[in-house]
Amino acid sequence: MPSHKDKVFEKWWPLAHSLILVRASVIKTAAALEAQFKIWDRMHLRGWMRWSRRTKFGWEQVSSVDSLFRNVDGFTSFGTAYYALPTFGPWTVIWDNSSRCHFHDSLNHCLTQNQNLETLSFYSTDRNSIQLAGTSFTYLWPRPGQDFARERNVYCCNQGKRWHFEQHGEPLAEEDSSLYSLKRKRERMNEESLMWLLDKLDARPWREDYYDFRNAKSFRVTCWSNPRLQPPVDFEQIRVRALGSHLPEQGDEEKAEVEIKGPPSYLVNRCKPATENGPARLIDKSDWCRRTGQESKFFDIHYQGCDRFLLRLPFPPSEMSVNPALVNAICESTGEEFAIFDIRKVIASGFFGDEAVPELQPPVNCPKCGGNVFRASVGFGIHSESDSADDTTWFALAVRCVHCSWGGVIYEHEGK
Ligand SMILES: [Zn+2]
């Protein structure tokens with residue numbers, strides 16, 4: 001039994017792994033919820049529906065977390081029952097019966113933007129669930145004007161075969177940012193570290209004794225929904241769905257990380273990891289990395305002790321010919337020629353496996369001195385679902401002339 005959550009939350013897993021916390025009393029939160037759902041009713045309901053399908057509000061005596069989950073009539077894709085639950089802390093917890101087990105992600109924004117409340121919404125599960133394993137939170141503070149909120153967001157989730165980590169906004173004083181530089185992404189934030197952070201913010205949503213059911217009632221919002229479009233499912237069905245997916249074994253995952261960070265198979269033994277002062281830095285600063293936002297990998301071309309090369313680029317594509325993209329390097333000393341980019345080896349490309357032999361231009365000349373010997377670095381984008389080093393996306397080639405030191409990115413390809 002994990003120590004960061006009480007048994008009842010494990011019993012009803014995955015029902016509470018995503019919640020909205022509102023930094024206000026349950027009375028104030030209830031008023032804000034009512035106001036917000038009335039805004040939505042006015043936007044969405046026309047004519048007679050305004051009466052028959054309007055959202056209903058009421059106070060209810062919830063006696064425990066267990067009874068809350070036990071008494072739900074059913075779960076629908078978009079929640080139809082929202083509960084504002086009183087606590088002993090400065091926060092009110094909002095839980096809803098969505099079968100996706102993910103908080104209503106415009107509700108937190110609207111409570112901040114329209115109702116002027118601080119909200120902290122999170123999703124956290126260390127196991128694959130209805131969605132894949134991962135932890136993320138979004139803290140919103142209201143502020144006047146166009147730019148209605150200040151936001152802090154940290155995201156650390158599995159996206160299939162790999163983990164992805166991202167953060168936006170100023171870190172909270174309570175955060176332990178040192179975790180974010182851990183090598184294994186999945187360890188940067190998880191259930192335990194999120195609960196540790198929430199605890200520092202006086203929020204303990206996975207502790208039964210945090211809820212003040214004895215002294216205060218809970219507020220329920222009930223939305224109309226069409227049972228034909230949103231047939232309700234029961235808890236057992238949710239549980240089966242949540243248990244249906246499995247995380248890859250840890251060893252496999254680490255192996256995949258190393259493998260995809262290595263060079264594509266056709267560059268093995270023909271390159272070294274990029275050095276800081278080599279031409280790779282010209283790519284690192286180019287738009288490519290920023291534009292795509294993908295992870296990337298860089299190498300200096302280096303072959304049998306040689307780091308000076310002539311370079312041959314493909315002819316630009318024309319309407320007349322389909323010429324698969326290929327870039328070759330020729331060793332200055334030995335004259336040996338080999339590929340440093342080959343679209344036919346890129347798994348996701350339309351040219352994958354193509355046997356046509358591409359035509360290449362004569363070696364490139366330096367635009368400044370006319371020389372043709374360069375030091376060369378290559379950069380590749382890494383596909384987010386990738387599990388092979390050959391599954392690259394964009395490609396860029398940067399060079400530095402060995403005669404005059406001119407440097408630049410001389411070839412780019414989007415990798416398709
Ligand atoms: Zn030059």
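Select helix α6 (residues 191-200), together with β5 (119-125) and β6 (134-142). Contact here means that the C-beta atoms of two residues, placed from the backbone, lie within 7 Å. Helices (H or I, at least four residues) and strands (E, at least two) are DSSP runs, numbered from the N terminus.

This is a predicted model: local features need pLDDT of at least 70, side-chain atom pairs count only at pLDDT 80 or more, and totals for chains, interfaces and linings use all residues. Residues are numbered from 1 along each chain as its sequence is written.

Now show the side chains of Leu 194, Met 195, Leu 197 and Leu 198, the buried residues of α6. Buried means 20 or more other C-beta atoms within 10 Å of a residue's own; exposed means 12 or fewer, and partly exposed is in between, with C-beta atoms placed from the backbone. Look down the axis of α6: its buried residues fall within an arc of 160°, so they line one face of the helix. The arc is that of the directions from the helix axis to the C-beta atoms.

Step just past α6 to Asp 202. Asp 202 sits in the loop between α6 and β9 (218-222). Its phi is positive, about 65°, although Asp 202 is not a glycine. Most residues other than glycine have a negative phi, and most peptide bonds are trans. Asp 202 is partly exposed, with 14 other C-beta atoms within 10 Å.

Next, select Ser 405, in the loop between β16 (392-401) and β17 (407-413). Ser 405 is also not a glycine, and has a positive phi of about 70°. Ser 405 counts as exposed, with 11 C-beta neighbours inside 10 Å.

Go to Trp 13 and Pro 14. A cis peptide bond joins them, with omega about 5°. Pro 14 lies in the loop between α1 (7-11) and β1 (18-22).

Zoom out and colour by domain. Domain 1 covers 7-243 and domain 2 covers 258-413; such bounds come from an automatic or database domain assignment. Their C-alpha centres lie 47 Å apart.

Finally, show the whole protein as a cartoon. There are ten helices and 17 strands. The radius of gyration is 28 Å, well over the 22 Å that the globule rule gives for 416 residues, so the protein is more spread out than a compact globule. That radius is taken over C-alpha atoms; the rule is 2.2 Å times the number of residues to the power 0.38.
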